[in-house]
Amino acid sequence: MATAIARALGAIWQPFCGVVVFGAHDGDGATVGLSDAQKDALLTGTVFAPMVHH
């Protein structure tokens, strides 16, 4: 599932296995937690919406 999410977000160069931690970064490159919208996208599966071709 982590690999599918990463690929949906454009990270296609490696598979991800095991425990996965999702994070984000601010404009200065510091690691920060996910926004509510990002958390909702992961929990509802809407993170895959860009992959759906109509």
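Predicted model: local features only at pLDDT ≥ 70, side-chain atom pairs only at ≥ 80, totals over all residues.

Modeller: The pair consists of D36 and K39, which form a salt bridge with their closest N and O atoms 3.5 Å apart. A salt bridge here is a side-chain nitrogen of Lys or Arg within 4 Å of a carboxyl oxygen of Asp or Glu. Side chains of opposite charge can pair when their charged atoms come close. The structure holds 1 salt bridge.

Residues are numbered from 1 along each chain as its sequence is written, and side-chain values use heavy atoms, with hydrogens and water left out.

Both partners belong to helix α2 (residues 36-44), and because they are 3 residues apart there, about one helical turn separates D36 from K39. Helices (H or I, at least four residues) and strands (E, at least two) are DSSP runs, numbered from the N terminus. D36 is exposed, with a relative accessible area of 56%, whereas K39 is partly exposed, at 38%. In these terms, buried means under 20% relative accessible area, exposed means over 50%, and partly exposed lies in between (1.4 Å probe, protein chains only).

The helix that carries the pair is part of a protein with 2 helices and 2 strands, whose elements run α-β-β-α from the N terminus on. Of the 54 residues in the protein, 17% are buried. Among the contacts (heavy atoms within 4.5 Å) with a separation of 6 or more, 30% are between residues 24 or more positions apart.

Elsewhere, the loop between α1 and β1 contains P15, an exposed residue with a relative accessible area of 56%. V20 is in the loop between α1 (2-8) and β1 (24-25), and V20 is partly exposed, with a relative accessible area of 31%. Together with F16 and F22, V20 makes a nonpolar surface patch of about 220 Å². Such patches are made of residues with over 30% relative accessible area and no salt bridge; like charges are joined within 9 Å, and nonpolar side chains (Val, Leu, Ile, Met, Phe, Trp, Tyr) within 5 Å. Accessible areas come from the Shrake-Rupley method with a 1.4 Å probe, and for residues only the protein chains shown count as cover.
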